[in-house]
Structures are given as C-alpha cells and as structure tokens.
Amino acid sequence: MDMLNKLTALFQQALETREPTVNLQDSFIEHWKGITTYYIETSDESQPAKKTDIPWRLKQMLDILVYEEKQQESEEMGPCMEYLLQHKILETLCTLGKAEYPPGMQQQVLVFFSRLLAQIRQPFLHIVTVYRPVQKLIRLCGITPGGQTEREEAMFLNMICTKLKQDPRLFTYILEDICQHKDKSNNFNTDNGAHARDINMFAEDASSPNQVSSVTAEYSAMKMDIATETDAIGNPNTTTSDAGNAYSLSLSKKAETNLVRALIKLMKSKKIKIALKAYETLLILVSIPKCEIATYLCENTALCTLLTDWLCELYNRIPSSVDPMDAETVEKVIWRSYFTKACTKDGDSFQGKEHLEAFLFCVDFCDQVVKEAHTVMGLTLAKVIHQNWLIKHLQPQLFQMSEAGMLIATIFLLLFLRQISSAAMLEETVLFLLGNQKEPELPGVIEDHALRTRLIEHCDHISDEISLATMKLFEELLQKPHKDIVHNLVLRNLQDRGYMARSSTWGQEDKHVLDAEQMEDTEELEEDPFFTDMYPSNEFVSHPVLPSFPKQKPESSVGHVPVKDIVNSFLCLVPQEARTSHHLQEAEFESYIHDAKSLFQACSACSLPWGWPLLLKPLELCHPDREFYEGHFLKVMFNRLSQILDQPYELNLQMTSVLSKLAVFPHPHLHEYLLDPYINLRPGATSLFSVLVRVIGELMQRIQNIPSFSEKLVLVRKQLMGLEPETMLEHITLLKGVTILEEFCKELAAIAFVKHSAKEQ
C-alpha cells in the first residue's frame, strides 16, 4: 500500500511539473526569420511554395497571433501583433505574393490574409500597415481569368466585404479612391486618438524617418484631389463643360476601382463555386446600410455599369436562331439555384437555352441587388439597366422590320418582365414600356412614347405570333404591382366617366333600375346595326326565360342593379343554339367563381396602397363636353374581341385572358365600364358588353348558313377537351371562337358576382 502511495505521489509530481514558459514574441520572430532565411539561402527558384516550410511557418505565426489575442486581458495589442505591424510584415508578404516567388506564394499569402482577418477580433484594418497591403492584394485579384488562385481570391474578397459590412467605417480604408475621403474626419472622430497612436508607433520603428511625413503628404494630396472632383460635380455654379470634364474624370477612375473590378471578374469564372462566392460577396458589399457608401459606390465606382455590361454581354450571347416557342417555355430562373442546376444536364434543352438561362440568371441577380442594396444603389442600378440594356439593346430590336426578330425580342422582354420583382426595376421597366403620361388620351393623337404605341399596335399585328406574344406581355404587365400600369393603359381615360350618356338631370341614371325588358329598349340596342337591319321581325328568336340564379348566393344592389340581373345578362348573351356546356353536363359560371375570387383578392391586396376610390365619381363633377375615347389599348382589344369568330383559338384565349385581368381590378369606373351591362352609353361610345352584343349579332347571322351547327359545335368542344380526336371540319375557326365566347361570358359573370359579393360584405 505504501508503494502504491509513493507511485501515486510520483505520478502526481510528474503531472504538476511545468514546462518552461515559451516566449510568444521570440517564437513569432523565429518563424518570421525562418521565412526570410529561406529567401536568403535557397537556390531552387522553381520549387513550389507549398513544398517549403513557408505555409507551416505562416500558420504558426497566425496561431500565435490568435492565441496572444485570447490571452490579452485588455483591448491593447500584444507584442506579436505590434511586431507584425511595426516591421511591415504584411507589406513584405504582399510583395512576395505579387512576385510569385516561390511559385504559389500568392496563394499562400491570400490564405494567410483571409485567416488573419477572420480570426483576429480586434479592429486593425484602419492601420496603415494593414490596409495598404490589403489594397495591394485586392489589385492582384481577378487579373488572370481561370488562374490557380481564384478560390483564394474569392475567399479573401468575401472576408474583406464581410468586415466592411460588420464595420462600415472601414470602407474608407479599403477602397483606394476614398482612403482619403473628405468626410473621413466626420465618420472617424472617435478613432482619431487610436489612429494617431498607430502612426506614431509605426514612425518610431520605421526604417526611414521620413516615411510618415511622406505618407501624410500623399494622404493630403489625394484628399484634395477627391474633394476637388466632388465639388466640381456637385457645385450648382459649375459650368456644363466643367461638370462634364469632372464627370469624365470620375468615369475614368470608375474602371480602376479594384474591389469592384475584381468581384466582377470572379463572377465570370467558369468554376461554379468561385462564381457563386463572388456573387454572394457582391451582395454583401452592396447591402451595407449606409447612404454615404451607397452613394460612393454609385458615383465613384463602375459597379452599376459593370453589372449592366455583364447583363448585356450575356444577352448578346443568345443565338439569334432561338425558336420563340422554345424560348417562351423557359421558366423563371432563381440566381442561387442556377449554380446547382448548372451542374446537372437538362433533358429538355434546345439550342440557345443555356445562354438564355444565363441571361435570365443575371437579370434575377441584378433584381436581387436592387432589392437588398441601399435605395440609392437600387435606383441607380435600375436606371443604368434601363438606359444601357432596355433602350440601347432591346428597343431597336422591338422596332425592327423583321417579324422574326421582332417576335423573339418580344419574347425576351416577356421573360425579363417575369423575372423582375423589385420596385425600382419595375418602375424603370414600366417607364420604358408605357412612358409617364397621366392625362387622358385623345382620339387620333399619337402619344410621344413610341414604344407604347408600337406594342399596342402589335396586339393587332398581321402576324398572329407577334400579336399573341405581345398580348402575353401585357397580361404579365397587368399582374405587376404598379399603379401606373392600369392607369396608363385604361383608367386615365375613364376618370370622368365620359362613356355615360348625360341626361337632363345629371346623376339620375345612377338611381333607377333597369330590368331585362327595359334593356331591350335602350338607346344602345336601338342604334346597333345588328339589331336594326340584319333581322326581319320574324327571324330573331328570343331566348327562353333567364336561368335561375343560385339561391344560396346573396344578391347585391351595388350600383342599384341586382347582381342576379348583371350575371344573367352575361350568361344569356350567347344564344341557346350556340351553347354547348349543358350538352356535356358541365357546370355553368359557378366553375369560374373560385378562380375569380382568388384573382380578385390578389388584385385587391395589390391595389390597396394605390388609394383608389370606393365610389363612382359623381357625374356633376365630370366634364360632359369632353369627347370620350376609351384609349388606344382598349380600342385595340375591343377590335380583337369583335373578331373572335375569325381568329385562331390560341389568340382568342389570350385576348379574353387580358380582358379578364382588366375586369377584375377593383376600381369603380373600370368595373362600371367593363362589367355593368345596364349603363346608358353616350352616342358613339363602346363598352365591353356592347362589343359582345355586336359579336352575338354577327354570330346569329352567320350560323343560319351553317348546317348542323349545334352538332358540329358540340364535336369541336369535345375535341378541345380531348374527348374526341381532332378532325378537319368546315368553319372550325368560328366554332372554336363560339366556344371561347361562351366561356368568356361565364368568366365575366363570375367576376361580376365575386366583386359584387365582396362589396356587400
């Protein structure tokens, strides 16, 4: 037992024996001297750096610095960190990395800097012997596309931008052009004492006594240059030529902004992980929530221009031979998911799809930048894309004479519109497409915004493909959350309710109720040529009793017309012999209610911030003498609707879809004009219902000359539903048009019912 106790005591004594304390500074200096000794003694200049002891010694130095910081009780620098700064070790490493001696040294230096910035917690990027080598390393990044150091460069730049976001005050120390920004004294007053101590410390240990004075002189000179340039651009008393020269000087400096240039270069890397890291780093940079930084990035760097140039470059890579039908099938591209998708093969690929998706990926990234960046940055980038891509690249293609080129350009614009969701990007796109006109349109007067006019004309183009693509563009546009879209296209022409006939006592027409018999005697039908000239008195077959309205649905008296009457007015427009849904035991308009309700709720939520009125504008406050004009857009769409019996099936589907999107908006004037069959139209005015009445009149005239019309119509409907194989039939276009007409009337009835029910609630 005594022996066991003695052994235990010996083991305990051995465990408690302490090794001599290692002097961290001596160890740190030893490792640094080991690196410098290598350059003195080595004779093999071809040996890669990773096969020397340099990587190991750099890691030991970093570990010592990290350990020393953890041991420091105060926030003061330890002796090893002071040695690193005073002897300009980072400057020396940067020089060795630039010289690539030994081969691969730049890679080792980038790794050391990245880890140093990541692991040292105390701020030290504001010290001249730190930020200067950091600036020099940034200059080396992105120079060689596909170089061996791309991964390390991406990690280094990511760490730099992460540090900038953590402490935006460091921004002025990293971007070389503003290291001496004139507002530095305002932003860094709290650190002046610390900075002075750092400079004094460096001056005491510097090998050259004139070094600090030269740095100060350089600092002052650069500060004066930047102040002069900023004043020249911002001074309202500066002449145009002087301001232009100053701006040109600013642009010349923009291209040399090293951090931005390096990131853009790495974003173009063919290595997916490196490119992704560069994109993520740029987002970190632009999301710094400081107005001063965002303003500087916009005015003094080429960030917005370089991003837009990259967007244009990807757009120009798309082959002109891309099939428009294939291009339209490309789904929305999410920029982060794009890199994952790029690693897998797409079985449904077509010629040019890869380039098209790359372009849409860049669009989505730019849209994301606009969302996450400061408002100043977002607005500037959106404007640059507007000027440099939409106007300079896309607009000429939309105005070209070639129908094929015009079509594919419209498809590209449609895909672009689907991609964007940021407010600033949407604002610029709407301005590009529609202009900023607010006043009502005048008949026969072509507005100054030529693209709007051209696109609306394309909805009624001789080429059905161009018309179809353009109407899809407008449908997508109507689904965007922007007030000016509906106002520009339609509402500005309805604001005075000029479509209403003025009676001797204004406003009385809103108070009386018209029933179905009164409707037959209205001025509209009396003046309609289809109802006065084309039928002998004994040929027009009236409809049977109106179908009963679902009892479980409440009635509404909004507008003083029961909702049942409005719904039945649309449902009974199509004559009995032209209806087919009852032959196939299909539901009536109720089948559209669910979709109409969802669409109406989405539109109502979207338009809520727009401040639309809840009630109609009183007629006594309107201008009765102003000639009513529904506007270019509705005129073209109504013209298309009047040709529904002679147009291709796909075109009719798209045209009715656009009109449905318009009808669902909860503006009282739009609702009255599109969905109220009982309004008393002024002479010469046209409404959606009156156009449908004319189409039905034409239909009644034409079906008299088609034998077995009802049977053929049922067969066509079955073919469209896939219940019967397609066969060649006479009048196939008209038969399909009648089918769409029936469904369109049911859809309008459902929309009217949903909107009236919502107002009742």
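A polar contact is a pair of N or O atoms within 3.5 Å; within protein, one atom must be able to donate a hydrogen and the other to accept it, and residues adjacent in sequence count only if both atoms are side-chain atoms. The structure described here is a predicted model, in which local features need pLDDT of at least 70 and side-chain atom pairs count only at pLDDT 80 or more, while totals for chains, interfaces and linings use all residues. Residues are numbered from 1 along each chain as its sequence is written, and side-chain values use heavy atoms, with hydrogens and water left out.

A polar contact of this kind, at 2.8 Å, joins the side chains of E447 and R492. E447 is placed in the loop between α23 (423-434) and α24 (450-458); helices (H or I, at least four residues) are DSSP runs numbered from the N terminus, as are strands (E, at least two). With a relative accessible area of 16%, E447 is buried, a term for values under 20%, whereas exposed denotes over 50% and partly exposed the range in between (1.4 Å probe, protein chains only). When residues up to four places away in sequence are not counted, E447 touches Q437, E441, R452, T453 and R492, contact being defined as heavy atoms within 4.5 Å.

The largest nonpolar core comprises 222 residues; such a core is a set of buried Ala, Val, Leu, Ile, Met, Phe, Trp, Tyr and Cys residues joined through side-chain atoms within 4.5 Å. Helix α37 (residues 732-760) gives the most to this core, with 14 residues. F156 and L285 have the most contacts inside the core. Apart from neighbours within four places in sequence, the residues in contact with F156 include L110, F113, L117 and C141.

Rings of Phe, Tyr and Trp (its six-membered ring) pair if their centres lie within 6.5 Å, with planes under 30 degrees apart counted as stacked, over 60 as edge-to-face and the rest as tilted. The count comes to 28 aromatic pairs. Y39 and Y101 form an edge-to-face pair, because their ring centres are 5.3 Å apart and their planes stand at 65 degrees. This pair links distant parts of the chain, 62 residues apart: Y39 belongs to helix α2 (residues 24-41) and Y101 to the loop between α5 (89-99) and α6 (105-119). Y39 is buried at 18% relative accessibility, and Y101 is partly exposed at 21%. The rings of W612 and F665 are likewise edge-to-face, since their centres lie 6.1 Å apart and their planes are at 75 degrees. Both W612 and F665 are buried. Ring pairs also link Y279, W335, Y338, F339, F361 and F365 into a cluster.
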